[in-house]
Amino acid sequence: MSRHIRAFVGVVAALLLAGCTAFAPNGTPTTGATSGIVPGAPTTAAAGGAAPTTGAPAGAESFYGQKLGWRDCGAGFVCATASAPLDWSTPADGKTITLSLIKQPAKGTKLGTLFVNPGGPGGSAVDFVRSSIGGADQTLQDHFDIVGFDPRGVGSSSAVKCLSDRQMDHYLYDPTPGVRGSAAWIAAQEAATKSLGQACLARTGALLGHVDTGSTVSDLDMLRSVVGDTRLSYLGYSYGTLIGSLYADRFPGNVGRMVLDGVIDPASTGDELTVQQTAGFESNLNAYLHWCFTRDSKCPFTGTVADADKKIAQTLADADVRPITNSDGRILTANTLLTAIILPLYDSGSWQYLDYLFEDVWSGSARIAFEFADQYNNRNTDGTYSSNEMIAFIAINCLDYPQNPDVAAMRAQAKKLAKIAPVMGPYFSYGDIGCVGWPFPAVRTPAPVKAAGSAPILVLGTTGDPATPYANAQHVAQELENGHLVTWHGNGHTAYGRSNSCVTDAVDHYLVDGTVPKNDPEC
């Protein structure tokens, strides 16, 4: 499953990608009392809440009624391709895109289809299901067809295309001229962003203006109908929770059983997300340092946590002033080093790899830092990229979040971030540059969701989640008319599949039996 923070032209941007697998240095993923029954199976019987809206939008009847040609695609999976309108506001204009799907059929008594999304934006649900069956345990695999589809713009669906592999290297890894935050540096960033946007438009065409999350929500409702389900069962992680919550708000009567894990608050602006995530990662970095000083094995730091913070901050600053050249000629700057630091922070089980990273950098080597950054960026050892996730992330966010290109406002935010997170804050700033001159304006205005009349929705929050801080889950559970919070007291991003039996049981009982926790089980 994806679990990435993304950079806009060398500056760490606002919105993080999601996921729940553990970090591994070789790039391989590792993996209370309840009451209140929601009656009926998720597919056809009443699941509580408003009556379903099963009809297709005017002009989209053929899309809702299409038949999928499932074909064997190995290892017990079947795959298919669906057709969707390019523009859901004019579905009958003849312009279409394709959506790629993968399914593992239910192994036991089937209750319906469980759609899963690993996060991003830009994460491939097809790859996620194939590699880790969507994070679903055996209980869910027994009772549901587990289905992942690559959202529009992503992976094997009609995808955003922009740069060659060599150009991606230049975009992600080459230093930006000028001092961070200076006029020359900002001008260089803006020029690179505009150039990227034009490259994406040239290679992607009109699709670039229709990869927003609202369009993906329309695709998801169509696919719900196509697989034969009256109501949607859904498990979304991180950015996948934004898809889910927006779906519930627009189609409350079509919600069957929905789990949102590692929550993005739809009401948060891009600036608010940046502040939340900056504080979250700084907090997890300090949690790592506390753990480092108290564990039995040798910690690479000496002194106090405050001393270690200062050393990390100096290491980042030094990377910009005296960058380390890697064996392949790439130069390790602060931005790439920060990416490498962030990757293991997604899962507390991976914190030990930060020891190796810091020791390697202090020895004058960039090897481990580039290994971690490349894993984060989906870059293969031969210099190719295994997916378009990086580019899709930018294209989707630029449509989902209105940006403020005012330099004075960005500099004011930079001061705020440096104050709340002295180590990482300076490198999370200036994210709004990432959409300056983008070919299409944002189409979504952040706002609270209510999902009035929906069936119960389970909202999972991890108290030490750096990417989607716990407060987001609390807010969304309160915003939703029928939201139910499940808290995991732990560290890392997301909870289901990487926490404990309390969380697993709450999710499984809800999805299979419709059992809603009477109160937050405080797992």
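This is a predicted model: local features need pLDDT of at least 70, side-chain atom pairs count only at pLDDT 80 or more; totals for chains, interfaces and linings use all residues.
Start with the count. The protein has five disulfides. Number the bonded cysteines along the chain, and the pairing pattern reads 1-2, 3-4, 5-6, 7-8, 9-10. Three of these links are described below.

Go to cysteine 162 and cysteine 200. Their sulfur atoms are 1.9 Å apart, and the two form a disulfide. This link is right-handed, with 110° about the S-S bond. It joins distant parts of the chain, 38 residues apart. Cysteine 162 sits in the loop between β7 (144-149) and α4 (165-173), whereas cysteine 200 belongs to helix α5 (residues 183-204). Cysteine 162 is buried because its relative accessibility is 6%, under the 20% cut-off. Cysteine 200 is buried too, at 0%.

Next come cysteine 292 and cysteine 299. They form a disulfide with sulfur atoms 2.0 Å apart. The torsion about their S-S bond is about 110°, so this disulfide is right-handed. Cysteine 292 has a relative accessible area of 1% and is buried. Cysteine 299, at 11%, also counts as buried.

Now turn to cysteine 398 and cysteine 435. Here the sulfur atoms of the disulfide lie 2.0 Å apart. The torsion is about -95°, so the link is left-handed. Cysteine 398 is in helix α13 (residues 389-400), and cysteine 435 is in the loop between α14 (407-420) and β12 (457-464). The pair therefore ties together parts 37 residues apart in sequence. Cysteine 398 is buried at 3% relative accessibility. Cysteine 435 is buried with a relative accessible area of 11%.

Terms used:
Residues are numbered from 1 along each chain as its sequence is written. Side-chain values use heavy atoms; hydrogens and water are left out. A disulfide is a pair of cysteine sulfur atoms within 2.5 Å. Helices (H or I, at least four residues) and strands (E, at least two) are DSSP runs, numbered from the N terminus. Buried means under 20% relative accessible area, exposed over 50%, partly exposed in between (1.4 Å probe, protein chains only).
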